[in-house]
Amino acid sequence: MAEEPDAWKDFVDRFVGLFIHVINHTAHARSVSINGDDIDDLCAEIFVALLANNYGALRRFNGNCSLMTYLTVIARRVVVREISRRKMAEALGHVTAHQSSLDQAQATANWDVQRIEDREQVQRMLDGLPPRDADIVREYHLRGRSYREISSELGVPENSIGPTLTRAPERMKAVGR
């Protein structure tokens, strides 16, 4: 590949659309918001992975599947690893002033649902909820716990907490409270 002058440029032009699709699909599947800068960063990570070890990943392609399928698997692994790395860095407090919007979206996800300060309103909400949802609402609104703490304590996925908190007031309205 490196022997032909424009081979890498042609390769990039041919597969960048596939990588962008993989990035968008993977982020959507993991409920992560991304923007153009994030897509550029993640594409760069994919290309770095392909270039590593003198095109090692490309040289290992043995034709057992299509090249597009092979590249999709590599791209998805890179994107999942990078999203996980960014989430872990945010969780550990290693967020910098120059963080990407992917990092910022994860760091600010916890304020999408505003805490309800009125304990009576929260109690009315709890009365109309299934037990698991009531536990989540109680932990967030009454005990002031973060999504991460609630996830750890109750054993629920962190990305299900926001939707549960958003639905709770809607359910309260639906039952006429």
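Visitor: What share of the contacts in the protein between residues at least 6 apart in sequence join residues at least 24 apart?
Guide: The share is 62%, where contact means heavy atoms within 4.5 Å. The model is predicted: local features need pLDDT of at least 70, side-chain atom pairs count only at pLDDT 80 or more, and totals for chains, interfaces and linings use all residues. Residues are numbered from 1 along each chain as its sequence is written, and side-chain values use heavy atoms, with hydrogens and water left out.

Visitor: How many helices and strands does the protein have?
Guide: There are 8 helices and 0 strands. Helices (H or I, at least four residues) and strands (E, at least two) are DSSP runs, numbered from the N terminus.

Visitor: Why is Glu139 called buried?
Guide: Buried means under 20% relative accessible area, exposed over 50%, and partly exposed in between (1.4 Å probe, protein chains only). Glu139 has a relative accessible area of 5%, and therefore counts as buried. This residue belongs to helix α6. Leaving aside residues up to four places away in sequence, Glu139 touches Gly144, Arg145, Ile150, Glu153 and Leu154.

Visitor: Why does Ser31 count as exposed?
Guide: Its relative accessibility is 52%, so Ser31 lies over the limit of 50%. Ser31 sits in the loop between α1 and α2. Its phi is near 55°, a positive value in a residue other than glycine.

Visitor: Is Tyr55 buried or exposed, and how do you know?
Guide: Tyr55 is buried, because its relative accessible area of 18% is under 20%. Tyr55 lies in helix α2 and has a positive phi of about 65° although it is not a glycine. Most residues other than glycine have a negative phi.

Visitor: What makes α1 oblique to α2?
Guide: Axes are lines fitted to C-alpha atoms, for helices over the stretch in contact, and angles run from 0 to 180 degrees between N-to-C directions. The axes of α1 and α2 are 10 Å apart, at an angle of about 130°. Angles under 35 degrees count as roughly parallel, over 145 as roughly antiparallel, 65 to 115 as roughly perpendicular and the rest as oblique. The angle of about 130° therefore makes the pair oblique. Among the residues making the contact are Trp8 and Phe11 of α1 and Ile39 and Leu42 of α2.

Visitor: How many residues of each class does the contact of α1 with α2 have?
Guide: It has 16 nonpolar, 1 polar and no charged residues. Ala, Val, Leu, Ile, Met, Phe, Trp, Tyr, Cys and Pro count as nonpolar, Asp, Glu, Lys and Arg as charged, and the others, Gly among them, as polar.

Visitor: What makes α6 oblique to α7?
Guide: The axes of α6 (residues 131–142) and α7 (residues 147–154) come within 10 Å and cross at roughly 140°. That angle falls among the rest, so α6 is oblique to α7. Asp135, Ile136, Glu139 and Tyr140 in α6 meet Tyr147, Ile150, Glu153 and Leu154 in α7. By class, this contact has 5 nonpolar, no polar and 3 charged residues.

Visitor: Which residues have the most contacts inside the largest nonpolar core?
Guide: They are Phe11, Phe19, Ile23, Ile46, Leu50 and Leu71, in a core of 24 residues. A nonpolar core is a set of buried Ala, Val, Leu, Ile, Met, Phe, Trp, Tyr and Cys residues joined through side-chain atoms within 4.5 Å. Helices α1 (7–29), α2 (36–59) and α3 (67–91) each supply at least two residues of this core, and the largest share, 9 residues, comes from α2.
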